[in-house]
Amino acid sequence: MTKTKTLKSLFKRYRRPGDIVFAWFCFLVSVFLLSQIADQTAYNNGAKLFAQPRFWPAVSLSLMTAFAGFHLLGSALSERIKGRWREVLLWASSLEYAGWFMAYAFVVPYTGYLLTTIVFAVGLAFRVGYRSAQMLLAAGGSALFTVLLFKTLLKVNLPTGLMYERLPEGLRSIMLTYF
């Protein structure tokens, strides 16, 4: 059985809570990026239009701004749905994990890759709700495995940390080489 759709039903908008906030965010970001095009790209005198370094970024940002404007207009003209700020807070809560990553990147030069990776893996496991000793040990074990894989097996040059400078000479050389 086939359902016939009208043109109007094909373009019907299904609005979600927080849609207007997302539309404003996209529009403002695209306008800001478009306003920076002259400072961030070059214009070569004598070059053809399509060969200009500024042309394709300007085209893409102009279209992005136009479509963000259409999205904003469609969101503004749609009926309002309750729960907008609850949805926005849900989006903002994901920024916590960016904070975890920035803290990790900040701490690694001081405590080293091994200790920081294990502490943050266990901390994140605890943060997301894994409270049993078995799961926390699994998080720590997988962090240790990751460090050993990258540092020992793959020989990736990873930050050692200032803490390694205080270790006795024999242990320090082992830690610098393998951990």
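Thr 116 lies in helix α7, which spans residues 113-127. The model is predicted. Thr 116 is buried, because its relative accessible area is 2%, under the 20% cut-off. The side chain of Thr 116 makes a polar contact with the side chain of Thr 111, at 2.3 Å. Beyond residues up to four places away in sequence, Thr 116 touches Tyr 104, Val 107, Val 108 and Thr 111.

Thr 117 is also placed in helix α7. Its relative accessibility is 11%, so Thr 117 counts as buried. With neighbours within four places in sequence set aside, Thr 117 is in contact with Tyr 104, Ala 143 and Val 147.

Aromatic pairs were examined next. The whole structure holds seven of them. One is formed by Phe 22 and Trp 91, with ring centres 6.3 Å apart. Their planes stand at 70 degrees, so this pair is edge-to-face. Phe 22 belongs to helix α2 (residues 19-35) and Trp 91 to helix α5 (residues 84-93). The pair therefore ties together parts that are 69 residues apart in sequence. Phe 22 is partly exposed, at 40% relative accessibility. Trp 91 is partly exposed as well, with a relative accessible area of 35%.

A further pair is made by Tyr 104 and Phe 120. Their ring centres are 5.5 Å apart. The planes meet at 80 degrees, so this pair is also edge-to-face. Tyr 104 lies in helix α6 and Phe 120 in helix α7. The two residues are 16 residues apart, and the pair links distant parts of the chain. Both Tyr 104 and Phe 120 are buried. Trp 100 joins Tyr 104 and Phe 120 in a cluster linked by ring pairs.

Charged side chains were considered last. Side chains of opposite charge can pair when their charged atoms come close. The structure holds two salt bridges. In one, Arg 127 pairs with Glu 96, and the closest N and O atoms are 2.6 Å apart. Arg 127 lies in helix α7 and Glu 96 in helix α6 (residues 95-111), so this bridge ties together parts 31 residues apart in sequence. Arg 127 is partly exposed, at 40% relative accessibility. Glu 96 is partly exposed too, with a relative accessible area of 27%.

Another salt bridge joins Glu 165 and Arg 172, with the closest N and O atoms 3.1 Å apart. Glu 165 counts as partly exposed because its relative accessibility is 47%. A charge also meets a ring: the charged end of Arg 131 sits over the ring of Phe 126, 4.0 Å from its centre.

Definitions and conventions: Residues numbered from 1 in each chain as written. Heavy atoms only, no water. Helix = DSSP H or I, 4+ residues; strand = E, 2+ residues; numbered from the N terminus. Buried < 20%, exposed > 50% of the residue type's maximum accessible area, 1.4 Å probe, protein only. Polar contact = N/O pair within 3.5 Å; in protein donor to acceptor, adjacent residues only side chain to side chain. Contact = heavy atoms within 4.5 Å. Salt bridge = Lys/Arg side-chain N within 4 Å of Asp/Glu carboxyl O. Phe/Tyr/Trp six-rings, centres within 6.5 Å; stacked < 30°, edge-to-face > 60°. Lys NZ or Arg CZ within 6 Å of the ring centre and 35° of its normal.
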